Amino acid sequence: MNTNGERPQVLLRFCDTYHVPTVRTIIRDGLQQLKIRPFGRTLLKPNLVSSGNLFDHAYTRSEFTEGVLLALRDVNDGRMTELAVGERSGITIPTRYAFRGAGYDEMLRRLKVKRYCFDEEQQVEYVLQHAGRLRDYIFIPEVVTKTDCFINCPKFKAHPWTTVTFSMKNYIGLQDDRHRLIDHDQHLNQKVADLQYVIQPKFIAADAIIAGQGRMLTPLPYDLKLIIMGNNQVAFDAVCCQIIGISPLSVEHIRLAYERGFGPIDLSQIDVTGAVSLEQASELGRNFRSGLIRVEDYFRDTNIKTYAGIPGENEACDYCWGGCPGALEEAIEILRQFDEETDHKMPPLHLVFGAYKGPIDARPGEKVIFIGNCADWQGTIAGESVVIKRLPSTRAKKDPYYAAHSDIYQKMVSVTFRLLQSKKKIICVCQDVR
Ligand code: SF4
């Protein structure tokens, strides 16, 4: 049930165009069907993790957001005091450039809609009290705490570290880089689930017209031809999972939010309506590529050979899904945008993450790099005895109050470049490279 006691609803509508009036009409119909009218300070959050030519299918398209903004105005009954769009993009680019690269600036000016770059806003402490939380407090932009009516507009995408990024995962863009990077490691799904306590959307509309599959920053286009709307985030994400044929329980942040009472995942408790049935939507999503991709599989058949072990001594998980391995994948993916043969052309390279136990098949002269504080290995490489000891984790000591600016992708790209240029054959990047 939603907080108003009603069953959560998810609306599925066919849409194969980014024609703004078409999107506007569909969204307005959805808002009316769900009986949602904006009120007070209304803040729309798109997904602008990256934008521009290299990242065509990574972000919520400006035409889509324009349609949503116009539809919100269409159903406004005079209670809306501000209509704004806010985001913190990913990678190292300031959010104002992500807005520009995604074509939002001209549109927001034309519509006279305010823009909030969360990395330029005042950050305030937000106390968490629920059982199982990662931290007692986190920091979020003040403007989010002052929002009355939150509208979530994710891009429908696969995510190789969290399986998918739909509505809930879009919350990672609420935090500026300093605070986003805290727990952006094997705890990433828990972090996303904790962020759900900050605010819940009154309305969700996903840009699933051209979805992004396979990758996160540089996804491949998938013509899903859908606009998906809803009024409960867990129910919404659960239906999105059904569309691409995966269990919502297999996505940790959805499971956690469900277990914490944010909404149902069982279809019998969700009203799925709209002009497209769930069966028809599932048919459209039948070939969508998603799923967790371990770094060993990601670089299979390239000149990069990877080896991954458990990230922490007392960790339940055997792989760091939200940290160094994934960041390296995305860094190489960006390099591939400039030269798609990048990792085929480079000399053979061996990358080791976590406490890896097996052999490392490096030939004499090939580079071996141990990445991150948690790297731990003992053995022989090209006849040389090597011992790498895990360094103490810095995670528990990270205090959101003193979080320093840092960027996961910038760091990874610069580390990758540095390592490739290094003349040493065995290298240990003994720092938390997140
Ligand atoms: S240092 Fe280890 S635990 Fe930390 S992000 Fe990197 S792989 Fe994950």
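Me: An axis is a line fitted to C-alpha atoms, for helices over the stretch in contact, and angles run from 0 to 180 degrees between N-to-C directions; with that in mind, at what angle do helix α1 and helix α2 pack?

Reply: The model is a predicted one, in which local features need pLDDT of at least 70 and side-chain atom pairs count only at pLDDT 80 or more, while totals for chains, interfaces and linings use all residues. Residues are numbered from 1 along each chain as its sequence is written. Helices (H or I, at least four residues) and strands (E, at least two) are DSSP runs, numbered from the N terminus. Here α1, residues 20-33, packs against α2, residues 62-75, at an angle of about 45°, and their axes are 8 Å apart. That makes α1 oblique to α2, since angles under 35 degrees count as roughly parallel, over 145 as roughly antiparallel, 65 to 115 as roughly perpendicular and the rest as oblique.

Me: Which residues of α1 and α2 meet?

Reply: Two residues are in contact if their C-beta atoms, placed from the backbone, lie within 7 Å. From α1 come Val20, Val23, Arg24, Ile27, Arg28, Leu31 and Gln32, and they meet Glu63, Phe64, Glu66, Gly67, Val68, Leu70, Ala71, Asp74 and Val75 of α2. Sorted by class, the residues of this contact of α1 with α2 are nine nonpolar, two polar and five charged, where Ala, Val, Leu, Ile, Met, Phe, Trp, Tyr, Cys and Pro count as nonpolar, Asp, Glu, Lys and Arg as charged, and the others, Gly among them, as polar.

Me: How far apart are the axes of α2 and α4?

Reply: The axes of α2 and α4, a helix of residues 104-111, are 10 Å apart, and the two helices pack at about 20°. That angle makes α2 roughly parallel to α4. On the α2 side the contact is made by Ser62, Thr65, Glu66 and Leu69, and on the α4 side by Tyr104, Met107 and Leu111. The contact of α2 with α4 divides into four nonpolar residues, two polar and one charged.

Me: At what angle do the axes of α8 and α9 cross?

Reply: The axes of α8, residues 233-243, and α9, residues 252-259, cross at roughly 140° and come within 10 Å. These two helices are therefore oblique to each other. Val234, Asp237 and Ala238 of α8 make the contact with Ile254, Ala257 and Tyr258 of α9. Five nonpolar residues, no polar ones and one charged residue form this contact of α8 with α9.

Me: Turning to strands, do β14 and β15 run parallel or antiparallel?

Reply: Two strands pair if DSSP finds at least two bridges between them. Strand β14, residues 349-355, and strand β15, residues 367-381, run parallel and are joined by six bridges. Within this pairing, Phe353 stands opposite Ile371 of β15. On the other hand, β15 and strand β16, residues 384-388, pair in the antiparallel sense over five bridges, with Ile381 opposite Glu384 of β16. The hairpin of β15 and β16 has two residues between the strands, and Ala382 takes a positive phi near 45° there.

Me: How many residues surround the ligand, and which are the closest?

Reply: The ligand is surrounded by 15 residues, and the closest are Cys320, Gly323, Cys324, Gly372 and Cys374; a residue is near a molecule or strand if its C-beta atom, placed from the backbone, lies within 6 Å of it. Both β14 and β15 supply at least two residues each of the shell around the ligand, and β15 gives the most, with three residues. By class, this shell around the ligand holds six nonpolar, six polar and three charged residues.
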